[in-house]
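Dear colleague,

Please find below the structure that I am handing over to you. My notes on it follow.

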Amino acid sequence: MQVSREKQIEMLRSMLLSRRFEEELTELCQVQGKIPGMMILCTGQEAVGSGVCAALAPQDVIVSNHRSHNHLLAKGADPRALMAEIYGKRTGCNKGKSGTLHLAVPEVNAPCTTTVVGGGLPIAVGVAFAQQYREERSVTVCLFGDGAADEGSFHEAMNLASLWKLPVIFVCENNLYAGAQRYEEHSPVKNMADRAAAYAMPGEMVDGNDVLMVYEATRRGRELAVAGGGPTLIECKTYRCRGHGESDHQLYQPRDEITAWQEKCPIPRLRDMTLAHGLVTAEELREMEAEVNAIVEDAVRFAEESPYPALEEALEDVLVQ
Ligand SMILES: Cc1ncc(C[n+]2csc(CCOP(=O)(O)OP(=O)(O)O)c2C)c(N)n1
């Protein structure tokens, strides 16, 4: 099926925004030392979140993980509120209490980012159960890494989702590494998508650097799920171009492997294709890049000018039972 011009432009813009946002984060934490704590980026993997979210409706839910910036921006999170949160400011989407690793943006139906590897899977199944129970026409997408697919929670989530035909799409972002461990060192199956057969659900393996393929696979998974057909497992083969976090020197990643994958970067891939097919002009592309730069600049300014939360605020929004 032909992906519309509007969708292609939307995905290109979404990937560009995500890349620019994270380039700025690298500068802010590594060069300027303005953001404390661990910084985990998705550079090179943008086609996954941007492709998935472009195939979703606003009412659909995503459950993300520690590598979440691209997912949240693609789902429509406000870059200002995200940046302020990453700075730990009161104007952040979680009032400065989550920082980069636990971002939640309920307004765009991204209620949970969990850093517990594999922890998002049962949560997503629970959300999908609620959607089914309430007879909503919506789905939940759980985005997780290849490492998470080797946790027990993965198997439990897949089993229950299939048994109850829940409207959930499992998206495994296989970036070849789980921390410093290569895929082959932690998983005996060649393709994570093959595991779908064990739970009687469709499994699709796609080039995770091809945003159109990711989009199409998600669209199919959504169609099936809202029709009551149950879950799908989509494995997106991609690559983590930076270290696990920004303090990781990537000594275990062969240099030529990184270079080879950088050459398969999803952004120029879609940009060149849209240009070649006459879907955008070079001038329109320049405008899009300028617009994205301005959004990120504005988000940084907003975050810097925002106050930190007061000490007493640490006791607010705490659930006591
Ligand atoms: C239950 C649990 N075990 C271990 C960790 C430490 N840890 C954080 S990220 C990570 C690697 C996860 O790899 P993967 O799921 O492939 O995601 P990626 O980082 O590649 O996006 C590990 C082991 C954790 N946060 N939670």
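Helices (H or I, at least four residues) and strands (E, at least two) are DSSP runs, numbered from the N terminus. Residues are numbered from 1 along each chain as its sequence is written. The model is predicted: local features need pLDDT of at least 70, side-chain atom pairs count only at pLDDT 80 or more, and totals for chains, interfaces and linings use all residues.

Two residues deserve attention for their backbone. Most residues other than glycine have a negative phi. Lys165 is partly exposed at 44% relative accessibility, and Lys95 is partly exposed at 39%; buried means under 20% relative accessible area, exposed over 50%, and partly exposed in between (1.4 Å probe, protein chains only).

Trp164 is also found in the loop between α6 (152-163) and β4 (168-174).

The interior may be described as follows. A nonpolar core is a set of buried Ala, Val, Leu, Ile, Met, Phe, Trp, Tyr and Cys residues joined through side-chain atoms within 4.5 Å. The largest one has 63 residues, of which Leu82 and Met83 touch the most other members. Helix α1 (residues 5-31) gives the most to this core, namely ten residues. Apart from it lies another core of 30 residues, including Phe154 and Tyr239.

Yours sincerely

Notes: Side-chain values use heavy atoms; hydrogens and water are left out.
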